[in-house]
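These entries record what I looked up in the structure, topic by topic.

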There are 2 protein chains.
Amino acid sequence: MKRSNAQRLRDALEDDIINGRRTPGERLDPDALCQEFGVSRTPVREAIQQLVASGLVTVVPKRGTFVARVGIDELIEMFEVMAELEGMCGRLAARRITETELEALRQAYERCEAAAEAGDTDDYYYENEAFHDCIYSASHNGFLASEVRQLKQRLKPYRRLQLQVRQRLTSSLEEHREIVAAIEAGEAGNAEQALREHVLIQGERFSDFVSSVRRFNFL
Amino acid sequence: MKRSNAQRLRDALEDDIINGRRTPGERLDPDALCQEFGVSRTPVREAIQQLVASGLVTVVPKRGTFVARVGIDELIEMFEVMAELEGMCGRLAARRITETELEALRQAYERCEAAAEAGDTDDYYYENEAFHDCIYSASHNGFLASEVRQLKQRLKPYRRLQLQVRQRLTSSLEEHREIVAAIEAGEAGNAEQALREHVLIQGERFSDFVSSVRRFNFL
DNA sequence: TAACTTGTTTTTGTATGAAATGTTTATCAG
DNA sequence: CTGATAAACATTTCATACAAAAACAAGTTA
């Protein structure tokens, strides 16, 4: 299937934003994008509208369009919701996970372990993502899973600043272990709580971090 | 502030869909909309895209665009998430509500009561909405509040079929009473549970209802 | 200096035609 | 009647042109 220009543009911009090649607050000049991608204003407009809908971009009327800059308080609010939804995924997964899904989860955990032992934070970031994704799927609530993924997407531009906190990596892995144990045992309440705290801690560490170093121009 | 044609169109369509003037599965013909609103294809396209983003409309490529028809299983999934989020609002509200907000909540409850005594289901529907909205605001998590509102919006086309269940109205009111009591007392856990169940019951009643009368062409 | 005016530039919203792409329908051979 | 093929049709996507609204800049006046 062939993707339209607008789609490709949307994906490219999304990728740029998520991976920090375009930082929050940065201006997106429509005309520049037209030239850059060799298309007319229509598809650019469309792509931008989609990004606005997903919360990654904001347009200030008659001033211009910018990569969304999420304030620290809203960021905390978002983490609060993220924690709740992840916790819910854990609770449901503990009840509903299948044997094959459980096996996949164990393997994802082991890959996290390997990355942690190797001290490869980039790889850990990636495997961590896969680990959580296993849990989303195992919740057997597709709507929930897609909402969580979208919210995670929206938080990603700010995630680069995480996990760099000292010792966070090993304790994160330990939390993963507990989460797997709770889900394996079918302990819904424990799984929910473990996951919720796992995310909340990230949020807290995160806000500690950013409030200590506010020199980043985009916060 | 002056709203654009696309905006007005979007609002009009949204209103039509939410209030059942356009039922799920119904076709939306772009050309017809152009004529109906006396505008060109561009703003129509834009409005439709926004509605797609909010989940109220789906476009099947090269087949046409339709009012979103949410399957019964996805509907249940959405209720599951709705219950969780409302519960979360209740939990936070129990901790964070201010005195004036609490007063507003009590008054909202009383208006529900009045509508219930009068047996006016339309009015109850409206006041019920206001009641829940008080709780969203009182959670003091603006992001959470807006997400819940959006999800509720998305469920609205199917809500017409609710609360018509016998006796649901009085038990709903009783549940409201418990919710207010828990929030007043600052009992976060109780508020969360009461609200979650309040919503889940709606969901269950709802799915009971629709699975008994599947003659509705849009389910 | 501050406010006001005016002219210019940007941004936004809209219309419209044309090309690309996929779907449906009609036709016809087997 | 069945299935393939082609013609007709619908839709989606895109480019381009134009108009209106707001921001901006500069010069003017009080």
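Which residue takes a positive phi in the hairpin of strand 2 of chain B and strand 3 of chain B? I found that Lys62(B) does, with phi near 65 degrees. The hairpin has 3 residues between the strands. I note here that the model is predicted.

**Entry: strands**

Strand 2 (residues 57–60) of chain B and strand 3 (residues 64–67) of chain B run in the antiparallel sense over 4 bridges. Within this pairing, Thr58(B) has Phe66(B) as its bridge partner in strand 3 of chain B.

I then turned to chain A. Strand 2 and strand 3 of chain A also pair in the antiparallel sense, over 4 bridges, and Thr58(A) stands opposite Phe66(A) of strand 3 of chain A. In chain A, 3 strands form an open sheet with antiparallel pairing, in the order 1-3-2. Strand 1 (27–28) and strand 2 (57–60) of chain A are the edge strands, each pairing on one side only.

**Entry: DNA strand C**

I listed the residues around DNA strand C and found 16 of them. The closest are Ser4(B), Asn5(B), Val39(B), Ser40(B) and Lys62(B); Lys62(B) is also the residue with the positive phi in the hairpin. Two or more residues of this surface come from each of strand 3 (64–67) of chain A, helix 1 (5–18) of chain B and helix 3 (41–53) of chain B. Helix 3 of chain B has the largest share, 3 residues. By class I recorded 5 nonpolar, 6 polar and 5 charged residues.

**Entry: DNA strand D**

I repeated the search for DNA strand D, which has 17 residues around it. Ser4(A), Asn5(A), Ala6(A), Val39(A) and Ser40(A) come nearest. The elements that give two or more residues here are helix 1 (5–18) and helix 3 (41–53) of chain A, together with strand 3 of chain B. Helix 3 of chain A provides the largest share, with 3 residues. This surface divides into 5 nonpolar, 6 polar and 6 charged residues.

**Entry: contact of the two chains**

I next examined where chain A and chain B touch. The contact takes 15 residues from each of chain B and chain A. On the side of chain B, helix 3, helix 4 (72–96) and helix 7 (142–155) each give two or more residues. Helix 4 of chain B gives the most, with 7 residues. The residues on this side are 6 nonpolar, 4 polar and 5 charged.

How are the two copies related? I noted that a rotation of 180 degrees, with 0.1 Å of shift along its axis, superposes chain B on chain A with an RMSD of 0.1 Å. The copies are therefore related as by a two-fold rotation axis. In chain B, the C-alpha nearest the axis belongs to Ala53(B), at 3.2 Å from it. Because 100% of the interface residues of chain B are also interface residues in chain A, the copies meet through the same surface.

**Entry: a helix pair in chain A**

Lastly, I checked helix 4 (residues 72–96) and helix 8 (residues 168–184) of chain A, whose axes come within 8 Å and cross at roughly 40 degrees. This angle makes helix 4 of chain A oblique to helix 8 of chain A. Gly90(A), Ala93(A) and Ala94(A) of helix 4 make the contact with Ile179(A), Ala182(A) and Ile183(A) of helix 8.

How values were computed: Residues numbered from 1 in each chain as written. Chains lettered and ligands numbered in written order. Predicted model: local features only at pLDDT ≥ 70, side-chain atom pairs only at ≥ 80, totals over all residues. Pairing = 2+ DSSP bridges. Near = placed C-beta within 6 Å. Nonpolar A, V, L, I, M, F, W, Y, C, P; charged D, E, K, R; others polar. Contact = placed C-beta atoms within 7 Å. Least-squares fit on C-alpha atoms with pLDDT ≥ 70 in both. Axes fitted to C-alpha atoms, helices over the stretch in contact; angles between N-to-C directions. Parallel < 35°, antiparallel > 145°, perpendicular 65-115°, else oblique.
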